Amino acid sequence: MGTAERREAPEESVAGRSAARQGLRASDRDIPVRGHAGESMGEQRQDYRPLWVEEPAKRHPMPDPVRTAAVRAVLIISVTLIQAMVAFLCTLAGSWLAFPMVISSVASTVVATWSVVDVWVTRQVWNQRYGVVSEPSSTARALRRERRARRREERAALREQERIRRRGGAGQLSHL
């Protein structure tokens, strides 16, 4: 039972759900559950359960520049770990390749550290440019609200001036 189903039926007990699940158990997840031997194909299709149920994400996905930097960092770190392991094994074997591999592993460690810092900096820059914290204490939200109110007041004042101008003009506010 997925999260959405649990939200819809909160009063159902855990024991009741597990007992119901035992009746629907199949040997393989993608094979439809069969009931009685004499069921028709339409009735079997009714008991078919999908492999997974799409549920909405709880958090927003990472922005594209941050995701790109994170993927790059993971690839660089994995190459660095492979280099370090090869350097260690070459050292144990007494191979001539041990020294160059140790040097390249040290250089790769510096690059991997820089790539992790790049992810952090990219995330901070993205948050500063595009992110507004959705909290009542957010200063960006308060500034936007004030700016919107000022623009609204300016537009209302312009509309009022235009209305006065159309009526005949000289600041006359009544029809008398």
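Author: Accessible areas come from the Shrake-Rupley method with a 1.4 Å probe, and for residues only the protein chains shown count as cover. The model is predicted: local features need pLDDT of at least 70, side-chain atom pairs count only at pLDDT 80 or more, and totals for chains, interfaces and linings use all residues. Residues are numbered from 1 along each chain as its sequence is written, and side-chain values use heavy atoms, with hydrogens and water left out.

First, the setting. The protein has six helices and zero strands. Along the sequence the pattern reads α-α-α-α-α-α. Helices (H or I, at least four residues) and strands (E, at least two) are DSSP runs, numbered from the N terminus. Of the 176 residues, 13% count as buried. Buried means under 20% relative accessible area, exposed over 50%, and partly exposed in between (1.4 Å probe, protein chains only).

Now H5 itself. Its 33 residues should span 48 Å at 1.5 Å a residue, and its end C-alpha atoms are 47 Å apart, which agrees. The expected span is 1.5 Å times one less than the number of residues.

The buried residues of H5 are Ala98, Met101, Ser105, Ser108, Ala112, Ser115, Val119 and Thr122. An α-helix has 3.6 residues a turn, so residues three or four places apart point the same way. What covers the buried residues of H5 includes helix H4 (64-93). Contact here means heavy atoms within 4.5 Å.

The cover also works in the other direction. What covers the buried residues of H4 includes H5. In H4, the buried residues are Val66, Ala69, Ala73, Thr80, Gln83, Ala87 and Cys90. H4 has 30 residues and reaches 43 Å from its first C-alpha to its last, close to the 44 Å expected at 1.5 Å a residue. Just after H4, Gly94 takes a positive phi of about 75°.

Ser105 lies in H5 and is buried, with a relative accessible area of 8%. Leaving out residues up to four places away in sequence, Ser105 touches Thr80, Gln83, Ala84 and Ala87. A polar atom of the Ser105 side chain lies 3.3 Å from the backbone oxygen of Gln83. The backbone nitrogen of Ala84 lies 3.4 Å from a polar atom of that side chain. A polar contact is a pair of N or O atoms within 3.5 Å; within protein, one must be able to donate a hydrogen and the other to accept it, and residues adjacent in sequence count only if both atoms are side-chain atoms.

Ser115 also lies in H5 (residues 98-130). Ser115 is buried, at 6% relative accessible area. Its side chain reaches the backbone oxygen of Ala112 at 2.7 Å. Ser115 touches Ala73 and Ile76, again not counting residues up to four places away in sequence.

Next, the exposed residues. Trp114 is in H5 and counts as exposed at 64% relative accessibility. Trp114, Val117, Trp120, Val121 and Val125 form a nonpolar patch on the surface, with about 520 Å² of accessible area together. Tyr130 is also found in H5. At 53% relative accessibility, Tyr130 counts as exposed.

Definitions and conventions: Patches are made of residues with over 30% relative accessible area and no salt bridge: like charges are joined within 9 Å, nonpolar side chains (Val, Leu, Ile, Met, Phe, Trp, Tyr) within 5 Å. A salt bridge is a side-chain nitrogen of Lys or Arg within 4 Å of a carboxyl oxygen of Asp or Glu.
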